[in-house]
Amino acid sequence: MMIVTVQSTGVSPADVLAVARTDARVEISPEAVAAMATSRAIVDGIEASGRPVYGVSTGFGALANTSIQPSRRAELQHALIRSHAAGIGAPMPREVVRAMMLLRVRSLALGRSGVRPVLAQGLVDLLNHDITPWVPEHGSLGASGDLAPLAHCAIVLLGEGWVLGKDGSRIAGAEALRGAGLRPLELAAKEGLALINGTDGMLGMLLLAIADAAHLFAMADVTAALAIEAMLGSERPFLPELHSIRPHPGQAASAANIHRLLQNSAIMDSHRDDLAHAVQDAYSMRCAPQVAGAARDTLDFVRLVSSRELVSVVDNPVVLPDGRVESTGNFHGAPLGFAADYLAIAASEVGAIAERRVDRLLDVTRSRELPPFLSPDAGVNSGLMIAQYTAAGIVAENRRLASPASVDSLPTSGMQEDHVSMGWAAAKKLRTVLDNLTSLLAVELLSAVRGIQLRAPLTPSPAGQAAVAAVEPFAGTPGPDLFLAPVLEQARTVVAGPDLRAAIEARVGSLD
């Protein structure tokens with residue numbers, strides 16, 4: 001089993017994916033334990049001195065000026081967790097909660113939160129015993145970070161709250177701890193606040209989305225090339241010299257992919273010297289790299305934002321090495337909210353242009369002699385007509401989801417938190433956009449393969465041959481109509497998985 005070690009310098013994106021998706025075991029390095037112990041000693045010294053410090057000897061949010069007696073400060077931390085675990089709705093996916101918990105361990109391990117190492121170890125124990133807190137989907141504004149979602153994680157450490165069962169059921173937190181042989185924790189001053197004040201939910205979802213988007217943007221080049229081949233398009237707009245004169249790196253990479261994918265094709269050769277061939281292909285074909293490339297460049301920006309956040313201290317207040325404890329606004333999720341919204345816009349357009357190619361493939365007036373709706377017996381059979389309806393409906397939904405969440409601030413906490421990021425909502429809807437993009441590329445994959453099959457006896461490119469080999473076992477060959485829903489589900493699996501890309505790269509070389 002892979003082991004992820006949380007260092008005093010943090011974790012990597014690969015670490016987060018390993019814990020969230022492949023159940024890697026988690027450990028805390030001795031250096032991180034020492035960093036936490038050092039910062040805790042500073043908090044203990046402040047407690048002994050009687051100095052008023054936010055979150056240590058005062059209330060929270062709008063109650064920041066309310067002094068808390070020493071005898072009630074542990075009670076304060078427990079009450080904070082219970083009151084802030086106030087989410088509602090369906091549970092967040094297991095992978096999101098696991099990513100969030102690892103990132104909270106990372107935050108504590110940086111040694112700026114003033115907590116005992118036992119607190120971080122408690123979260124590690126939940127991860128290693130496969131205990132996933134039940135985190136409702138609604139509750140975070142991305143204001144003081146992801147307060148409610150993180151509180152739903154923290155409350156399980158206290159032996160309270162809910163846990164997500166393997167079958168999706170809801171289990172009492174106390175029962176889950178007992179079953180794993182774990183004991184509830186007793187919180188000390190500041191520790192409740194340190195468990196919930198940060199951007200870990202937003203960042204976790206963004207890191208998962210980055211991995212998904214990187215794969216889907218490469219697959220978008222694949223399905224675009226297949227559709228262009230099926231429609232007897234030209235590979236000339238993808239020549240490298242045409243993209244070096246507009247030096248956006250994502251555009252050049254996408255164009256290079258599509259050009260490579262279209263080589264060694266008898267279908268492409270069949271019309272290359274045909275004088276009747278269209279002088280210019282439609283934008284959805286010719287401009288595929290400009291759209292997908294812009295999305296790739298957006299993804300690079302989002303990677304940069306997330307890499308900065310991975311080394312950031314986002315707690316409040318923070319314990320500085322010189323002994324000061326200072327309030328910050330580093331928990332505000334604006335950088336992550338903006339990035340998630342920007343990536344959702346880009347991914348939405350990658351799907352939108354794919355749907356336009358599907359529509360063109362199915363239209364007998366524009367598909368260059370393919371039969372209507374890719375059915376060899378159109379009329380009695382409707383072919384892929386309604387698959388395009390489905391794609392159109394998904395494009396419309398993605399356009400709604402591409403509306404930015406990060407501009408929709410609402411004040412809370414008695415106007416103390418009078419501007420919030422809505423970063424949680426931005427990251428959550430980004431996941432939906434990417435799931436929808438998977439479906440759109442699945443429709444394009446199926447449509448393009450149908451078109452390539454209908455060009456027989458001409459043989460397709462090596463990429464086209466790999467695609468036909470992947471799709472034909474469940475979709476068959478062009479003929480009478482099929483029950484399409486399971487075919488589309490299988491096509492989604494092909495798009496989301498690694499096998500088709502690997503098969504294509506084995507034939508044409510690595511895709512960028």
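Q: Why is Pro149 called buried?
A: In this predicted model, Pro149 has a relative accessibility of 2%. Buried means under 20%. The value of 2% falls under that cut-off, so Pro149 counts as buried.

Q: Which residues does Pro149 contact, leaving aside its neighbours within four places in sequence?
A: Pro149 touches Met100, Val135, Ser140 and Trp424. Contact here requires heavy atoms within 4.5 Å. Pro149 itself sits in helix α6, residues 147–157.

Q: How far apart are Pro149 and Ala256 in sequence and in space?
A: They are 107 residues apart in sequence. In space, the C-alpha to C-alpha distance is 42 Å.

Q: How many disulfides does the model have?
A: The count is zero. A disulfide would need a pair of cysteine sulfur atoms within 2.5 Å.

Q: How many salt bridges are there?
A: There are 29.

Q: What makes Asp44 and Arg40 a salt bridge?
A: Their closest N and O atoms are 3.1 Å apart. The cut-off is 4 Å between a side-chain nitrogen of Lys or Arg and a carboxyl oxygen of Asp or Glu. The distance of 3.1 Å is within it, so the pair qualifies.

Q: Why are Asp44 and Arg40 about one helical turn apart?
A: Both residues are in helix α2, residues 30–49. They are four residues apart there, which means a separation of about one helical turn.

Q: Buried or partly exposed: how do Asp44 and Arg40 count?
A: Asp44 is at 38% relative accessibility, so Asp44 counts as partly exposed. Arg40 is at 6%, so Arg40 counts as buried.

Q: What makes Arg296 and Asp221 a salt bridge?
A: The closest N and O atoms are 2.8 Å apart, and the limit is 4 Å. The bridge links distant parts of the chain, with Arg296 in helix α14 (residues 288–310) and Asp221 in helix α9 (residues 200–230), 75 residues apart.

Q: Why are Arg296 and Asp221 called buried?
A: Arg296 has a relative accessible area of 13%, so Arg296 is buried. Asp221 is at 1% relative accessibility and therefore counts as buried.

Q: How do you know that Asp281 and Arg368 form a salt bridge?
A: Their side chains meet at 3.0 Å, N to O. The limit is 4 Å.

Q: Why does this pair tie together parts that are 87 residues apart in sequence?
A: Asp281 lies in the loop between α12 (266–269) and α13 (283–286). Arg368 lies in the loop between α15 (334–362) and α16 (385–401). Asp281 counts as buried because its relative accessibility is 5%. Arg368 is partly exposed because its value is 23%.

Q: Which residues do salt bridges with shared partners join into one network?
A: Asp23, Arg94, Arg98, Asp130 and Lys166.

Q: At what angle do the axes of α15 and α16 cross?
A: They cross at roughly 160 degrees and come within 9 Å. Angles over 145 degrees count as roughly antiparallel, so α15 is roughly antiparallel to α16.

Q: Left-handed or right-handed: what is the crossing of α15 and α16?
A: The crossing is left-handed.

Q: Which residues of α15 and α16 meet?
A: From α15, they include Ser348, Gly351, Ala352 and Glu355. From α16, they include Met385, Gln388, Ala391 and Ala392.

Key
Residues numbered from 1 in each chain as written. Predicted model: local features only at pLDDT ≥ 70, side-chain atom pairs only at ≥ 80, totals over all residues. Heavy atoms only, no water. Helix = DSSP H or I, 4+ residues; strand = E, 2+ residues; numbered from the N terminus. Buried < 20%, exposed > 50% of the residue type's maximum accessible area, 1.4 Å probe, protein only. Axes fitted to C-alpha atoms, helices over the stretch in contact; angles between N-to-C directions. Parallel < 35°, antiparallel > 145°, perpendicular 65-115°, else oblique. Left-handed = near helix turned anticlockwise from the far one by under 90°.
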